[in-house]
Amino acid sequence: MSLDKDVLIQGTEPAAGPRPQFFDDPAMDRVWDVLVALTTELAVTRTRLDSLERILAEQGGLPAGVVDAWVADEATATEQALAHQELLTRVFRGLLQEKPSA
Amino acid sequence: MSAVREALSPIPAAADTGWLPLPMNTMEQHAALPTLEHDERVRYQVAAGMNTFLAQRLLPAVQRAAVERVEPALEASLGRPAADRHEYRRGLERDLTWQLWSRLRRSNMEMVQQAARLTTLRQLPDLVATCRALNAGHDRLTLEPSLQPPGYLARLHSHLMPGGYVTDLGEDDVAAGATYELGVYAVLGGKSGPASDRAGRATVAWLQEHRPGWQPKRILDLGCGIGANTAAIARAFPDAEVVGVEAGAAMVRYGAARAASLGIDNLRFVQGDVEQPPLGDEKFDLVVSLMVLHETSRAALGRIFETSQRHLAQGGLTFHLEQPPYRDKPLIEQCLRDWDGRYNNEAFWSSMHETDLAEALRRAGFAPDHVQETEANAPQVGAKPGSQEDYGRGGAWYVVTGEKPRLEQVRA
């Protein structure tokens, strides 16, 4: 489902307040900001595919709107949450492996 | 290989799923809640998973970097250890691990709040119509169209929620309330309970332990938001009349509709400034504020406590629940707890921790021996003893209480 243009414009107004810079180079802050969003969207896409596969297996077909109406049961939601942790571990492996004393 | 394994923090066993965030459909359902499509539900759950990842998996690396890199560097440059959290933070801010962890935490927070705003705005006409219909069936909502909201709420949008609490888009707008409810659930991964009311339940648990059998007749919640915690108190004291005061019109409209849909009929919402609520000379047996003070200001704090004193009935109790004070905590922990104050638009969070809240309550007119510092808690969903705390967003709360004695007690 795609958002109405006016909603998109109104909905991307930032919260009032300062925007911190964590790195010396502000470009680094921007790149990481984008990376977080991209990672999330990748996880959302992977989960949608996973949901689709499950629905197809369950129903042998895919009527319109059925993915958005489908809600993961508790066990599936847990499996999908674990998959998110796996994806985050893959994407941010370098951070986890960093040796502070190195 | 062994160095890599050493540096990786352990993942809990697969059978232990209590550390994972809960999916959005575990929220308490009510008619005013925005509908979520598949990708919206998952996006919130992924963002909640990112917070879990940052708190459970990456935070140990930050803590290691602090000990192994930041502290020696500070000692080398200062000729002594850091004296306070401000010096320590300046050391952390030069460290790559802290920079990355902070960047991810901030970006994730911005993203989830922006997502909640978009979910709400795309269906706002429907939400407005639903809330209007729910609120037409009762008289438990009082609006104050001429209210000038406090500057601190307009200048800084708390926890990065676009529009903050006090933006009113007109036409019976409820966007702030709906955005708030989605954002809180996603940020905390459902750990505050299906109704996001852990602070309210902690208040009830404290009252049951410290004032067993007490049935306050009238209860006032200052800064009630959408009334999630207020509803927990109203549910625990069904015979009491409960009033919530909140500055944002879109917050109280949504809160009143939410309460109506949930069948909570002893809770009334009043739009007003908690420093000077439009309550005339109404008195209450219990006056609370729950996780509100850190979003105000130093000047407001004194006036909120004076409001508590003014509207408290004789024999009543005022109860203010907040983050624990930093005093005596290690500097690294102080810096972690201070993160939301510096980077998550919590206006008064950092300086509140340098304020003696018990002394402030005494200055507002409570007798010194009627002011008490205490702790309140209610279990987090799925939390296990010894699991890594997401500093500032979990754990036990600090509480300061003030009692107003009955007249006969004063005479005696």
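**Figure 1. Pairing of strands β2 and β5 of chain B in the predicted model.** B:L220 has B:V287 as its bridge partner in β5(B). The two strands, β2 (residues 218-222) and β5 (residues 284-290) of chain B, pair in the parallel sense over three bridges. Strands count as paired if DSSP finds at least two bridges between them; helices (H or I, at least four residues) and strands (E, at least two) are DSSP runs, numbered from the N terminus. Strands of a sheet pair through backbone hydrogen bonds, in either a parallel or an antiparallel manner. This is a predicted model, in which local features need pLDDT of at least 70 and side-chain atom pairs count only at pLDDT 80 or more, whereas totals for chains, interfaces and linings use all residues. Residues are numbered from 1 along each chain as its sequence is written, and chains are lettered from A and ligands numbered from 1 in the order in which they are written.

**Figure 2. The open sheet of chain B and helices that pack on it.** Eight strands form this open sheet in the order β1-β4-β3-β2-β5-β6-β8-β7 (chain B), with mixed pairing. Because β1 (141-142) and β7 (371-376) of chain B stand at the edges with a single partner strand each, one side of each is left without a neighbour in the sheet. Helix α10 (residues 249-261) of chain B lies across β1, β3 (241-246) and β4 (267-271) of chain B and runs at about 170 degrees to β4(B). Helix α11 (residues 298-310) of chain B also packs on the sheet, where it touches β2, β5, β6 (312-322) and β8 (397-403) of chain B, and its direction makes about 150 degrees with that of β6(B). Axes are lines fitted to C-alpha atoms, for helices over the stretch in contact, and angles run from 0 to 180 degrees between N-to-C directions. Two residues are in contact if their C-beta atoms, placed from the backbone, lie within 7 Å.

**Figure 3. Helix α4 of chain B against helix α7 of chain B.** The axes of α4(B) and helix α7 (residues 175-187) of chain B are 8 Å apart, and the helices pack at an angle of about 140 degrees. This angle makes α4(B) oblique to α7(B); angles under 35 degrees count as roughly parallel, over 145 as roughly antiparallel, 65 to 115 as roughly perpendicular and the rest as oblique. The crossing of α4(B) and α7(B) is right-handed, a crossing being left-handed if the near helix is turned anticlockwise from the far one by less than a right angle, and right-handed if clockwise. Residues in the contact include B:V112, B:A116 and B:L121 of α4(B) and B:A178, B:L182 and B:V187 of α7(B). By class, the contact of α4(B) with α7(B) has eight nonpolar, five polar and one charged residues. Here Ala, Val, Leu, Ile, Met, Phe, Trp, Tyr, Cys and Pro count as nonpolar, Asp, Glu, Lys and Arg as charged, and the others, Gly among them, as polar.

**Figure 4. Helix α2 of chain A against helix α4 of chain B.** Helix α2 (residues 26-59) of chain A packs with α4(B) at an angle of about 55 degrees, their axes being 9 Å apart. The two helices, α2(A) and α4(B), are therefore oblique to each other, and their crossing is right-handed. A:D29, A:W32, A:D33, A:V36, A:A37 and A:T40 of α2(A) make the contact with B:R103, B:L104, B:S107, B:N108 and B:M111 of α4(B). Five nonpolar, three polar and three charged residues make up the contact of α2(A) with α4(B).

**Figure 5. The interface between the chains, with confidence scores.** In the model, 52 residues of chain B are in contact with 45 residues of chain A. On the side of chain B that touches chain A, α1 (2-7), α2 (38-78) and α4 (96-122) of chain B are the elements that give two or more residues, and α2(B) gives the most, with 17 residues. The model scores ipTM 0.74 and pTM 0.90. The average pLDDT, the predictor's confidence in each residue from 0 to 100, is 92 for chain B and 83 for chain A. Over residues 1-10 of chain B the pLDDT is below 50.
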